[in-house]
Amino acid sequence: MEKRPAVFFDRDGVVNRSPGAGYVTRWQDFELNEGIDAAVSLCKSRGYYAVLVTSQRCVSKGLISIDTLHALHDEMQHALGASAKFDSIHEFTGLPGTESLEKPNPGLILEAARALPIDLERSWLIGDADRDIVMAQRAGVPSTVRVLTNHPVGVEAMFTVDSIAALIPLLELRLPFV
Ligand SMILES: [Mg+2]
């Protein structure tokens with residue numbers, strides 16, 4: 001299969017409203033950000049894989065089972081709709097042996113690049129925390145977008161937007177067609 005770039009999406013704060021210091025453990029608390037389906041769909045229509053890379057330490061903390069987390073992601077995929085479905089989902093759970101997947105390590109992105117033929121050098125990442133931006137840099141993903149949420153900004157991303165509404169025009173302008 002020919003390699004294609006991906007757009008890596010962080011989950012909490014990007015795909016859904018950030019739960020702050022806590023976790024989303026039930027679908028009824030999972031609030032999709034308005035316009036995120038259009039943003040994912042735009043990336044896919046330009047020829048990119050859409051890949052979700054998310055830290056859910058709530059699994060190792062015993063707040064949610066891995067099966068419930070997967071069921072929640074199934075619901076999310078359904079709610080996003082066919083044109084905005086993620087091609088692959090990668091989770092850090094905090095369970096023993098998963099340390100290399102913990103952001104800002106590059107493990108989640110490297111795992112995705114083993115699951116799909118991803119051209120990392122032309123890939124993008126959209127996140128809301130320093131650890132997302134640094135993970136991309138360590139994985140060799142050059143283009144980064146920060147969506148401002150409650151996370152403090154310590155590392156500059158290539159682009160910064162203050163909302164998902166502002167993300168869409170940025171991608172329309174800057175995301176090259178594959
Ligand atoms: Mg986040």
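Which protein donors does the magnesium ion have, and how far from it do they lie? In this predicted model, in which local features need pLDDT of at least 70, side-chain atom pairs count only at pLDDT 80 or more, and totals for chains, interfaces and linings use all residues, the donors are Asp 10 (OD), Asp 12 (O) and Asp 128 (OD), at 2.1 to 2.2 Å from the ion. Residues are numbered from 1 along each chain as its sequence is written, and side-chain values use heavy atoms, with hydrogens and water left out. Donors are here N, O and S atoms within 2.8 Å of the metal (3.2 Å for Na, K and Ca), and since water is not among the atoms, sites may look incomplete.

Along the sequence, the donor residues of the magnesium ion follow the spacing D-x1-D-x115-D. Asp 12 counts as buried because its relative accessibility is 13%. The side chain of Asp 12 forms a polar contact of 2.9 Å with that of Arg 11 and another of 3.0 Å with that of Asn 16, a polar contact being a pair of N or O atoms within 3.5 Å in which, within protein, one must be able to donate a hydrogen and the other to accept it, and for which residues adjacent in sequence count only if both atoms are side-chain atoms. Beyond its neighbours within four places in sequence, Asp 12 is in contact (heavy atoms within 4.5 Å) with Ser 18, Pro 19, Val 24, Gln 56 and Asp 128.

The 6 strands form an open sheet in the order E3-E2-E1-E4-E5-E6, with parallel pairing; two strands pair if DSSP finds at least two bridges between them. Strand E3 (88-92) and E6 are the edge strands, each pairing on one side only, and the twist from one strand to the next averages 20 degrees. E1 and E2 run parallel and are joined by 4 bridges, and Phe 8 has Val 51 in E2 as its bridge partner.

In the largest nonpolar core, which has 35 residues, those touching the most other members are Phe 9, Ile 36, Phe 86 and Ile 126. A nonpolar core is a set of buried Ala, Val, Leu, Ile, Met, Phe, Trp, Tyr and Cys residues joined through side-chain atoms within 4.5 Å. Leaving aside neighbours within four places in sequence, the contacts of Ile 126 include Phe 9, Asp 10, Val 145 and Leu 167. A second, separate core comprises 20 residues, among them Ala 6, Phe 92, Leu 101 and Ala 139.

Val 153, in the loop between E5 and E6, is partly exposed, with a relative accessible area of 43%. Apart from neighbours within four places in sequence, Val 153 is in contact with Asp 130, Arg 146 and Leu 148.

Conventions:
Buried means under 20% relative accessible area, exposed over 50%, partly exposed in between (1.4 Å probe, protein chains only). Helices (H or I, at least four residues) and strands (E, at least two) are DSSP runs, numbered from the N terminus. Axes are lines fitted to C-alpha atoms, for helices over the stretch in contact, and angles run from 0 to 180 degrees between N-to-C directions.
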